[in-house]
Amino acid sequence: PTRSRSKHGKNKKSSKEDGHRSRRDGDRHRGRERDHGAASSGAAPMYGHGYPPAYGYPPAYGYPGHPGMHSAVGPYGHGMPPQQMRHSSMADDGVSVQVSEKFLMRNDYSQTFVDSGLRPQNYIRDLDYANRYSEYPKIERLIKLKDDILAKRASPAMSLKCDLKEFELNSLGTKFDVILIDPPWEEYQQRVVGMYVPNEDLSTWTMEELRQLKVGEIADAQSFCFLWCGETHLEQGRELLKRWGFRRVEDICWVKTNRTAKVNEHGKVERPTLMYGDTSILQRSKEQCLVGVKGTLKRSVDTHFIHANCDVDLIMEEEKEFGSTLKPTEMYETIEHFCLGRRRLELFGLDRNLRDGWLTLGRGLTTSNWNKAAYNSWFEGDLRWPEVKDYRGGKLLGSIAEIDALRPKSPVRPGRARSRSRSAGRGGGGRRQKDVENDDFDKPLPEDLGEMAPPLPKEDEDASMPAMPAEAAKSK
């Protein structure tokens with residue numbers, strides 16, 4: 001009886017295994033039928049390992065869709081006809097194919113740059129200045145109002161052809177509110193590897209020659225200096241600002257796009273338009289402009305001289321032709337919207353830099369219409385818009401109430417208005433406290449000080465711990 005029960009148990013176990021095996025065979029058979037039906041009906045077969053082809057890539061070797069790659073048969077169906085390839089509903093990483101297809105990155109701009117040379121910044125929306133604020137009606141209205149005043153208050157463009165190594169800037173007979181400088185850096189000459197570039201003066205100035213420029217002497221007590229530093233001269237630019245009496249408060253970055261660059265027959269950007277070698281993968285595609293301020297200016301108080309927050313500190317514009325040192329026109333607009341001083345000077349300028357409202361100096365100029373007496377007469381007196389509606393008279397541009405209402409304001413430091421209102425109704429002691437609070441109110445904000453701002457306090461790791469007893473501290 002024991003033997004018969006054991007035999008009966010074995011027979012029962014084997015029947016279960018046969019049932020499982022038959023179901024698995026049936027599943028495989030039904031899977032083959034589904035694959036055969038999909039192939040016969042013209043449905044697109046699934047790609048090997050369950051992955052669809054990535055955006056911008058051809059199908060991998062041996063996968064369907066890769067022409068001429070089905071001759072060699074390899075593991076996992078590589079090289080097999082689509083009907084004989086093994087299909088799976090799961091990807092190699094264990095993620096469902098449906099989930100993988102749903103969250104597949106379709107816009108891999110970094111890979112697009114590697115494949116075609118088109119830079120990721122090409123695909124940022126609203127790059128052109130004209131349509132940038134189309135979705136922001138208040139800012140668009142603000143810019144329009146400021147441009148109307150600037151156009152009517154802009155003095156006629158003047159130029160002076162001179163060699164800045166020998167010319168005395170003090171001989172201009174006036175001081176300036178804004179000074180824009182694009183020095184002939186060594187970088188500009190290295191970009192073209194000694195090649196001739198038409199309409200460009202790429203003769204390099206040494207750092208010592210730049211230090212000798214008397215920029216600080218022609219800058220007014222409250223003024224700004226905008227210094228282009230290329231891609232590799234930031235440290236030298238900071239040194240020059242400090243030597244000329246400016247403190248750096250801001251950086252403006254020009255990110256270069258190449259949407260209109262020429263492409264070859266394979267759809268890749270031709271290298272000669274990019275100022276880099278044929279084997280270069282990493283490319284510098286931006287230039288920096290340092291902003292220095294002279295004197296004490298507070299954006300929330302000195303609104304007669306500066307209007308902050310009208311523009312951004314990022315310029316997205318197409319890269320210029322090979323070897324060109326031309327900078328974006330948007331830089332002029334940013335300066336004019338920001339600083340309400342009308343006396344603007346540009347050094348190392350060319351004919352293309354001539355602009356109403358600016359005096360341009362440089363050796364590469366072909367014309368010179370400088371008239372010292374006429375130029376200085378345009379800024380006499382204290383008139384401003386709307387008292388005067390042309391370029392004759394006043395050092396400041398002027399503004400209107402609507403511009404002040406539309407202009408974005410800097411946030412007020414917490415507790416300033418509250419402390420001032422509390423101290424207003426106090427007696428003698430209150431007056432002394434009010435004087436102290438007024439002194440604190442007159443201090444510029446850290447963003448106004450720039451590099452001169454005190455360092456931020458470090459987080460005290462033991463601040464939340466109880467104080468150590470004196471005896472324990474001595475023993476320690």
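**Inside the fold**

Mentor: Start with C229, which is buried, at a relative accessible area of 0%. Buried means under 20% relative accessible area, exposed means over 50%, and partly exposed is in between (1.4 Å probe, protein chains only). This is a predicted model: local features need pLDDT of at least 70, side-chain atom pairs count only at pLDDT 80 or more, and totals for chains, interfaces and linings use all residues. Residues are numbered from 1 along each chain as its sequence is written, and side-chain values use heavy atoms, leaving out hydrogens and water.

Stay with the cysteines. The structure holds 0 disulfides. A disulfide needs two cysteine sulfur atoms within 2.5 Å. C225 is in none, and its nearest cysteine sulfur, in C289, is 8.2 Å away. C225 is also buried, with a relative accessible area of 0%. For C229, the closest cysteine sulfur is again that of C289, at 7.1 Å, so it is too far for a bond.

Now the nonpolar core. That is a set of buried Ala, Val, Leu, Ile, Met, Phe, Trp, Tyr and Cys residues joined through side-chain atoms within 4.5 Å. The largest one has 58 residues. L164, I181, F224, F226, W244, L347 and L361 have the most contacts inside it. Strand β3, residues 219-228, gives the most to this core, with 6 residues. Strands here are DSSP runs of E, at least two residues; helices are runs of H or I, at least four; both are numbered from the N terminus.

Zoom in on L361. Its partners include L160, C162, L164, F167, L345, L347 and F348, not counting residues up to four places away in sequence. Contact means heavy atoms within 4.5 Å. Apart from this core lies another, of 10 residues, among them L150, C310, L340 and L397.

Finally, the rings. Rings of Phe, Tyr and Trp (its six-membered ring) pair if their centres lie within 6.5 Å; planes under 30 degrees apart are stacked, over 60 edge-to-face, the rest tilted. The count comes to 11 aromatic pairs. W378 and Y391 make an edge-to-face pair, 5.5 Å centre to centre, with 85° between the planes. They are 13 residues apart, with W378 and Y391 each in the loop between α9 (372-377) and α10 (401-406). Both W378 and Y391 are buried.
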